[in-house]
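Please read the paragraphs that follow with the model open beside them.

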Amino acid sequence: MKALVLRCALASAHGALAVLIVWGMCALLRRLRAPSRVLCWLWLAAGLRFLLPGIRVTLPRPQSVPLAQAADAVQALTAPAMQAATMPAPALPTVSAAAAPLQADLPVWHLLAAVWALGALALLGRALFRYRRLARQVALAYKTDDGCFTAPEVTSPFTLGILRPRIYLPADLRDPERRAVLCHERTHIARGDTVTKPLFYAIACLHWWDPLVWLAFAQFERTMECACDEAAVRGLVPERRRDYGESILRFAALPRGQVPGSLAFSRGRVKERVVRVLRYRRPNRPVLLGCALAALVTAAVCMLRPTVAGVRMQPLALNDVPAATVPTARPTPTATPEPPPSPAPAESDGPTPQQMAGYFANPLPDYNLLTRFAGSGHRGDDLTAGKGSRVVAAAAGTVRETGSGEEWGCYVILDHPDAPGGDWATLYTHLEDTVPLVEAGDTVEAGQTLGYVGNTGKVFGLCLHFELYKGDTPLPPRYFTDYGAPYAETAPDGATYETLADSLTA
C-alpha cells in the first residue's frame, strides 16, 4: 500500500511539473497568436503525464561538481518510492522461519490510500449522477431536420455522449446563429473532444489533491472551446461574427448545471471567447508550422523521465535508520558487553567480518545506483543498470530455489557452503521475465549469469534487490561485497556478524 501511495504521489509530481512547462509555453504561443487547437494538444499532453509513467531517457553525468551534486539530490528524492517498492515483506523461504511482523506505520499508508480512493470515487460518482440526471431530462428530445435534438428542457447548446454523442440545441435557435453554433458542436465531435474531455476529467479525479491538475483541466476546457469558436467563425464576415459573439453572451447568462465532462456551448471565459471571435485571423503557414513544432517539442519534453547515468544515491548511515524499525526474527543476543578491540575468533567461528571484506563479487557489475541495507525494513541493497545488464552469482555455490512471486518477482536463492565459515546464502530478486537461467540444484561458479536485471515484482524501474545471509541472520552486503570505489567498505573493528545486523535494527 505504501508503494501505491508513493507511486501516485510521484506521478502527481511529474504531472505538476509538466503543467508548469506547458503553462509557460502556452503564454509564449498566445503572444504569437498560435491557434487554440495547438494549445489544446499541449494541455492534453500535460494531463496525460499524470497518467503515463513517461519515457525514460539516460543523460550523461555532468562534469561540473555542483551539477553532479544537484543530480544526486534530485535522484535521492525518488529513493523512498524505490525503497518502498523493493522492500520484500517475506523472508527467505528456509532462512527465517518466522514472518516479519506488521510494520507500525502500515495503517498510515492504508489511511492515505483510503482518503485518496474516497475522494476520487466521490468526484466520479458526482459526475456520473449528473450525467444520468441530464440524460433523463432529454430522454424525450426529438430529432430535427439538421440532425440535432431538441426538447423544451434544452435551454443551451451542448453535446452529450462519449461513443455516440448527440448535439442538443434550443428550439428557438434560428439561422444563421444556429449554423454557427452547430458548426461549433460538430467540431467538438470531429476532433474527439467527447472522449478527451471526460478522460481528462477522470485523470483530474484520480489526482484530486493536486491543484495543478485542476488548473490543467480548466485550461484544456478553455482552449478547447476557443478552438471550436475559431473553426465556427472561419470564413464568416464581421457581421456574422458579431452575431456569433452575441450568442456566446446569450447562453453564458443562463445558469450552468451541465456534467463536468460534457461539452456545453456556454463553457469557457466569455470575454476571452468573444474577443478572439472578433479578432481572429487565420495564421499563415510558417507561423502555424512553427507553433506546431514548438508544441510537439514541448509535449515530448513533458513525456520524458530523465535519469543521469552514474548517479548514485548516498548510502544510509547507521544513524539514518528509524528507531522504530522492527528487528528481524532471530534469537536475541544474551551478552551485551563491549567486544575487545581486536577479538581473536575461535577456530570454529571462521574468519571475522573484517577478513571477509570483498569476498562476494558485485552481482550487477554495470550498476549505476545503490541504496543500502536498512535492517528488517530493507534487508538488502538495490542496484540498477541498463536493460540487458547481466545478474551474476556473487560466489560459487548451489541453486537452492528459483521462482516468481508478487513481492520479489523472478528470484534466485544460492547457498555457498564453500565460503569461509560456511552457512552463507544470497538472494537475487526482480530478474527479467519469470524464469531465470538456472534451476534448483544447479551448481554455479562465481560470476556465472543467473539472469538479467528486470522490473518484475513490486519495484520501480529496472532493479536488482540483493540480500546476503549468514545462517538466519541478514547482513549488510556492503561489508562483504566488492562494489568497488567509492563503495568498498570494511566492517568496523571489533564488529561481529551479530553486531552488524543488531546495529541496524536496534
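A contact here means heavy atoms within 4.5 Å. On that basis, residues 24 or more positions apart account for 72% of the contacts in the chain with a separation of 6 or more. The model is a predicted one, in which local features need pLDDT of at least 70 and side-chain atom pairs count only at pLDDT 80 or more, while totals for chains, interfaces and linings use all residues. Residues are numbered from 1 along each chain as its sequence is written, and side-chain values use heavy atoms, with hydrogens and water left out.

The chain holds 12 helices and 19 strands, where helices (H or I, at least four residues) and strands (E, at least two) are DSSP runs numbered from the N terminus. Of its 506 residues, 46% are buried; buried means under 20% relative accessible area, exposed over 50%, and partly exposed in between, with a 1.4 Å probe and protein chains only.

Turning to charged side chains, the count of salt bridges comes to 6, a salt bridge being a side-chain nitrogen of Lys or Arg within 4 Å of a carboxyl oxygen of Asp or Glu. One of them joins arginine 178 and aspartate 146, with an N to O distance of 2.8 Å. This pair links distant parts of the chain, 32 residues apart, since arginine 178 sits in helix α6 (residues 177-190) and aspartate 146 in the loop between β2 (142-143) and β3 (149-150). Arginine 178 is buried at 12% relative accessibility, whereas aspartate 146 is partly exposed at 24%.

Which residues are linked in a network of salt bridges? Glu406, Glu407 and Lys458 are. Lysine 458 meets glutamate 406 with the closest N and O atoms 3.8 Å apart; because lysine 458 lies in the loop between β16 (449-452) and β17 (464-470) and glutamate 406 in the loop between β12 (397-405) and β13, the pair ties together parts that are 52 residues apart in sequence. Lysine 458 also forms a salt bridge with glutamate 407, at 3.3 Å from N to O. Glutamate 406 is exposed at 63% relative accessibility, while lysine 458 is partly exposed at 33% and glutamate 407 is partly exposed at 22%.

On the surface, Arg37, Arg234, Arg282 and Arg285 gather in a patch of positive charge. Patches are made of residues with over 30% relative accessible area and no salt bridge, like charges being joined within 9 Å and nonpolar side chains (Val, Leu, Ile, Met, Phe, Trp, Tyr) within 5 Å. Arginine 37 belongs to helix α2 (residues 36-49) and is partly exposed at 40% relative accessibility.

The backbone deserves a separate look. Most residues other than glycine have a negative phi. Aspartate 423, although not a glycine, has a positive phi of about 65 degrees; this residue is in the loop between β13 (409-416) and β14 (424-431) and is exposed, with a relative accessible area of 53%. Histidine 430 also has a positive phi, near 65 degrees, but its place is in strand β14, where histidine 430 is buried with a relative accessible area of 0%.

Finally, leucine 383 in strand β10 (residues 380-384) is buried, at 0% relative accessible area. Leucine 383 and phenylalanine 466 are 83 residues apart in sequence and 7.7 Å apart in space, C-alpha to C-alpha.

Notes
Areas by Shrake-Rupley, 256 points an atom, 1.4 Å probe, with all protein chains shown as cover. Lys, Arg positive; Asp, Glu negative; His and termini not counted. Charge placed at Lys NZ, Arg CZ, Asp CG, Glu CD.
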